[in-house]
Structure formats: C-alpha cells, structure tokens
Number of protein chains: 2
Amino acid sequence: MRIDIKTAVDFLRENDDYLILMHASPDGDTLGSGSALCLALQKLGKRAKAVCPDVIPHRFDYLFKAIEPMDFEHKNVVCVDIADTKLLAEMKSTGDAAQLAIDHHSSHKDFAKKEYVEPESAACCELIYAVIKELGVTIDKDIASCLYTGIATDTGCFKFTNVTPRTHSIAAELIANGADFGAINYAMFVVKTQGRIKLEQETLKNIQFFADGKVAVITASLALIDSLPDIDTDDIGALANIPREIAGVEIGICVKEKKAGVFKASLRTSDNFDAAEIAQNFGGGGHARAAGCSFNGTTMEKAVEKIVKASVEAVEKQK
Amino acid sequence: MRIDIKTAVDFLRENDDYLILMHASPDGDTLGSGSALCLALQKLGKRAKAVCPDVIPHRFDYLFKAIEPMDFEHKNVVCVDIADTKLLAEMKSTGDAAQLAIDHHSSHKDFAKKEYVEPESAACCELIYAVIKELGVTIDKDIASCLYTGIATDTGCFKFTNVTPRTHSIAAELIANGADFGAINYAMFVVKTQGRIKLEQETLKNIQFFADGKVAVITASLALIDSLPDIDTDDIGALANIPREIAGVEIGICVKEKKAGVFKASLRTSDNFDAAEIAQNFGGGGHARAAGCSFNGTTMEKAVEKIVKASVEAVEKQK
C-alpha cells in the first residue's frame with residue numbers, strides 16, 4: 001500500500017528492531033540511505049542494522065563507521081532504494097516480507113506492506129532526509145555525510161536533470177551540518193587508480209558507433225577485466241557512463257561480461273530517449289536516463305547485437 | 001579602495017554606459033559574471049556591453065544570446081573575476097582605468113577605484129548574484145543560466161571544497177528560476193569530442209610521477225596539439241585536471257607549450273598543498289587548489305624541471 005511520509009515516520013517511531021536492506025551491486029544512494037536511516041534510528045534509541053547482500057566497496061566504508069554494531073533478531077524489515085526485490089539477490093525473500101519500502105525509482109514494483117515512493121526525488125537520500133527531519137533527529141556530521149553521498153552519487157554530483165531546487169537546498173543544509181563533501185566528492189567523482197585509467201583506455205579502443213553516431217557501445221570482457229590489476233567493481237561500474245560522454249552520442253551503452261555467458265548492458269541516454277524503456281525490452285529497468293538489463297546464456301556479440309538493435313530502433317522511431 | 005556590496009550597487013545604480021571586462025583565456029565564471037551583470041544592467045534600462053580580450057569558445061555562446069548589442073562610448077569600466085589587470089592582455093590599460101572591480105580571488109591585486117572583493121566566495125557569480133538581487137532585478141531564465149554557469153564551472157560542478165552552503169542555496173534559486181542546468185552541465189562537464197579523448201589518452205602516455213607518487217606531471221607539446229584535429233582551447237585547458245585525478249597524487253601538474261619557447265604550467269592540489277604558493281615562485285598565482293604560472297624562453301624539459309622541483313620541495317617541507 002502506498003503511504004505518505006507521515007505514515008512512514010509514524011511506523012518507524014512506533015516500532016523497533018529494524019533490519020534495513022540495501023540493494024545488491026550497491027551504489028552510493030542505497031548505502032547512504034541505509035546508513036543514514038540506521039544512524040537516525042539508533043539515535044532515537046532503537047535497535048537497527050543495515051545489511052547489503054553484496055560486499056560493500058571500500059570507498060564507502062566511512063558511511064558505516066559511526067553505526068553501532070547491534071546483535072538482535074529483527075522484527076521489521078525496511079528496504080531503501082530498492083525498486084524490485086530481485087535486486088536483493090539471495091535476500092529476496094527477506095525483502096518480500098518487508099514492512100516498509102522507501103524508494104524513488106519510477107520503475108518501483110510494490111512489494112512491502114507500506115510503500116513510501118516519490119519518483120520525482122533525485123535520490124532516495126532526499127526521502128530519507130525528509131524522514132529523518134520528520135522523526136525529529138538532528139542531522140549530525142555523520143548522517144549529513146551519508147545523505148550527501150546518496151544525493152551526490154545519484155545526481156552525478158548535481159549534474160543530471162533529476163536535480164531539483166530541493167536537491168540543492170538539502171545539500172546546502174547537509175554541508176552546513178558538516179557533511180565531508182570535499183573528501184566524498186574526491187573519492188566518488190575525481191580519483192581514479194592507474195588500473196582504472198588503463199581499463200577506460202582499453203574499452204575506448206573497441207568503441208562502435210551506430211545510427212549516425214547517436215548510439216555508441218563499448219564492451220568489457222572478463223578477459224580484459226582479469227588482465228588488469230588494481231581495478232574493482234566501482235571501476236567496472238563507471239564504464240557505463242563513458243559512451244554517452246562522447247559528442248553526439250544520445251544512447252550510450254556498455255556491455256560487461258559478468259561471468260561466462262552472462263552479460264549486463266548499462267544504458268545512459270539524453271533527454272530524447274528513455275533508457276528504462278529500452279532496457280524493459282529485455283526484462284530490465286531503471287531510470288529514464290540510466291537503466292540496465294541482463295542477457296544470459298549468450299555471447300558478447302549477440303548481447304551487443306540485441307541491445308544495439310533496440311537502441312537503433314528507438315532512434316528510428318523518433319525520426 | 002575596498003568597498004562593500006551596498007556601495008558597489010549604489011555605484012551601478014547611479015551611473016550608466018558600462019563596459020564590463022572579462023578576463024583573457026575566459027572561463028565560465030568570468031563569462032557568466034560579465035553576461036549576467038550586462039543583462040541585469042540592461043534590464044535596469046542602462047547601456048552596457050560585456051567584452052573579452054580573447055575569442056569566446058563557442059560552448060559559451062548561449063550566455064550572450066539575450067544581450068542586446070549596444071553601440072555607445074563607455075563611461076564606466078567594470079571588471080569581473082579579474083584578479084590582476086595583466087589578465088586583460090592587450091586591454092590592460094582599459095582595466096587599469098576601471099571604476100569598479102568585482103572579484104573573488106584571494107590573490108586579487110587592487111587596481112580599480114572601487115573594489116568589491118570576497119575571496120570566500122566559490123565563484124565571482126555568487127557576488128554578481130548578490131549584486132543583481134540588491135539591484136532589485138528579477139533573476140530570469142537567462143540571467144539564471146549565466147550565473148549557474150559561473151558557479152558550476154568554478155566549483156567543478158559543486159565538487160570542490162570552495163563550495164559553501166550559500167553556493168547550493170543560490171543554485172537552488174537559479175534552478176527554480178529556470179537555469180538550463182542540464183544542458184549547461186552536459187556541455188561543461190560531460191561531453192567530449194573524439195579528438196579530446198585522443199588528446200587525453202596521448203598525454204597520459206607521457207605521465208611522470210615524483211615524490212612517491214604525490215606529484216604527477218603531464219605535458220602537451222605544440223606538436224601533439226597540432227597533430228589532433230577537432231580539439232579546441234577548452235579541451236587543452238581541461239588537461240590541467242587530469243594528473244590530480246590519479247589515486248595518490250596531491251599535486252597535479254600539466255605543462256602546455258603555448259608557442260615556441262613559452263610554457264604554461266597549471267597546478268591542481270589537495271587540501272594539503274597551496275597551488276597559488278607554488279605558482280608564485282614563478283610569478284604566477286590563482287587559488288589555493290588551482291593555480292598557474294608561465295615559463296618563457298625555455299624548453300619543455302626545463303619548465304617541467306622547475307615546476308616539479310618546487311612541487312617536490314613543497315612535499316618535502318611538509319614532512
């Protein structure tokens with residue numbers, strides 16, 4: 001059942017023993033949402049823990065430093081930034097039993113008893129910010145850094161068109177409250193390992209253009225990834241943005257080999273194209289400007305062919 | 001004489017026939033400041049024109065579209081974002097006769113009759129925003145886009161530590177007033193020509209590290225630049241940021257050959273080092289995190305040797 005923020009906050013205030021779930025292949029928004037909500041609930045004197053089905057990349061370690069480790073049997077599951085419990089991988093059944101979901105994806109599929117969903121929010125952390133304010137918890141330096149992380153990462157550091165005046169107003173308050181934004185932005189948007197620079201250079205070598213340069217695709221095979229030392233899942237994830245950064249490209253695609261026969265396509269689109277719509281052709285989803293889908297039991301060539309065909313068709317349809 | 005915003009606004013309100021000067025090698029902040037102030041003065045019914053001694057890169061064309069071209073003899077010169085009239089190149093003498101300077105550089109050298117300088121502002125456009133508000137001019141879509149451009153470009157799209165809560169609060173208002181931030185950010189921070197990608201790849205090939213990887217330097221010779229089609233001054237300017245983006249680098253240096261025997265070194269530093277201080281060794285200047293200096297009548301090798309030596313000494317001094 002869809003609910004408003006007041007009902008969500010009443011639920012959180014009246015109950016206890018929270019397991020907060022963050023999605024697999026975690027990003028800054030799910031991790032920032034989970035860590036901020038966990039800190040806020042603990043500050044209210046509640047028991048809470050934030051759990052992710054996947055290993056959390058080390059660059060996000062700071063989000064969890066102020067959380068008190070608590071050992072308890074959870075009574076209430078809260079999902080943050082989770083559009084679909086498929087994104088919980090092996091924790092799907094735990095997510096399906098959730099009492100509350102807080103999310104901002106337009107592709108959100110209801111699964112929890114109570115659903116507080118606002119697709120017009122740039123980041124789930126905008127909703128968590130509002131929830132924490134409504135709970136009456138002071139946004140200290142730690143919570144501010146968690147919320148800033150989600151807002152910055154889901155907006156490409158305020159670059160994307162999902163940003164609203166509210167996004168900047170919240171950022172102003174988070175910075176005033178001590179968010180360590182300089183270090184966060186450096187870690188999230190600036191610094192690259194030498195391995196990552198190599199990875200980017202290698203994938204750019206095999207770039208292919210279609211539809212008069214409006215569609216571009218790069219690929220990253222397991223062979224390439226395994227050949228490069230000191231790269232991590234973040235480095236590989238960041239490849240998704242590269243093709244769309246080239247002048248003239250409106251649909252940028254990156255196809256990565258996840259394991260033998262399994263491929264993940266990531267799409268980034270201009271305002272003229274709906275990335276989620278293209279991904280939905282293959283059972284995927286996401287946002288209008290950033291989405292993804294998977295291809296199983298196939299080859300890189302065939303996966304590329306399929307996603308390129310759907311993308312070129314989107315260009316043709318627009319003419 | 002240093003003045004406050006009220007005196008600056010009184011001066012602008014009481015006079016007319018303004019020549020607004022923007023610095024050579026123009027960036028988004030001087031161009032956004034000049035265009036926004038020009039639009040605001042014209043909206044007040046005054047005659048105003050904004051002039052830059054250098055050609056303005058085409059990606060900034062939108063800033064000047066709403067300005068009404070006016071032919072008149074200027075009576076008052078206003079300099080925006082100009083730390084030193086040396087930065088006006090052949091228009092230096094015009095700048096030296098300025099009635100008003102509005103600037104945010106800590107290295108600002110007084111030259112105008114009245115000087116409104118606030119080094120704690122992330123961008124000169126923050127000051128121009130305050131001036132326009134104080135003038136009582138409504139910030140329409142055009143002015144909002146000009147101001148947003150300066151604020152976004154001087155903060156690396158809100159990434160750098162010069163950002164304050166005020167920076168985000170102003171951005172919130174500019175977006176609410178129609179600033180075309182999605183297109184601006186795409187043009188300023190995202191899109192790269194294929195030539196630029198090639199330029200970046202080539203300069204990364206010759207990267208050198210010093211002081212245990214804390215200092216990194218790349219170079220761009222005229223021979224390299226001339227060998228690449230479809231690159232422009234923006235593409236070359238953006239090289240300055242690359243070395244500091246590599247993990248572990250605290251002082252990133254890019255040395256570019258401007259013409260035979262003339263080299264420009266650009267420095268980008270972590271919070272631990274003062275870029276302007278290093279540049280001042282060679283008669284340069286700028287901000288604490290971003291500065292530059294020139295070497296004349298020398299070779300690339302010697303220019304690199306000098307700026308690297310000063311940078312390595314800064315690292316040694318800190319130990």
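## Helix α12 of chain A and its neighbours

In chain A, the buried residues of helix α12(A) pack against several other elements, namely the strands β6 (208–210), β7 (215–220), β8 (251–259), β9 (262–269) and β11 (290–296), together with the helix α11 (275–280). The model in which these contacts are found is a predicted one.

Helix α12 covers residues 300–318 of chain A, and its 19 residues reach 27 Å from the first C-alpha to the last, which is close to the 27 Å expected at 1.5 Å a residue.

The residues of α12(A) that are buried are Met300(A), Ala303(A), Val304(A), Ile307(A), Val308(A), Ala310(A), Ser311(A), Ala314(A) and Val315(A). When the helix is seen down its axis, these buried residues fall within an arc of 155°, and therefore they line one face of α12(A).

The face of α12(A) that is turned away from this buried side carries exposed residues, which are Glu301(A), Lys302(A), Glu305(A), Lys309(A) and Lys317(A).

## The second largest pocket

Another feature of the model is its second largest pocket, which has a volume of about 300 Å³. The lining of this pocket is made up of 14 residues, and those lying nearest its centre are Leu204(A) and Lys205(A) from chain A, with Ile197(B), Lys198(B) and Gln201(B) from chain B. The elements that give two or more residues to this lining are α8 (194–205) of chain A and α8 (194–205) of chain B.

Of the elements that contribute, α8(B) gives the most to the lining, with six residues. Sorted by class, the lining of the second largest pocket has six charged, five nonpolar and three polar residues.

Definitions and conventions. Residues are numbered from 1 along each chain as its sequence is written. Chains are lettered from A and ligands numbered from 1 in the order in which they are written. This is a predicted model: local features need pLDDT of at least 70, side-chain atom pairs count only at pLDDT 80 or more; totals for chains, interfaces and linings use all residues. Side-chain values use heavy atoms; hydrogens and water are left out. On a 1 Å grid over the protein atoms alone, a cavity is a set of points where a 1.4 Å probe fits but cannot get out, and a pocket is an open set with protein on both sides within 12 Å along at least five of seven lines; lining residues have an atom within 4 Å of a point. Grid points are joined across faces, edges and corners, and a volume is the space filled by probe spheres set on the points. Helices (H or I, at least four residues) and strands (E, at least two) are DSSP runs, numbered from the N terminus. Ala, Val, Leu, Ile, Met, Phe, Trp, Tyr, Cys and Pro count as nonpolar, Asp, Glu, Lys and Arg as charged, and the others, Gly among them, as polar. The expected span of a helix is 1.5 Å times one less than its number of residues. Buried means under 20% relative accessible area, exposed over 50%, partly exposed in between (1.4 Å probe, protein chains only). The arc is that of the directions from the helix axis to the C-beta atoms. Contact means heavy atoms within 4.5 Å.
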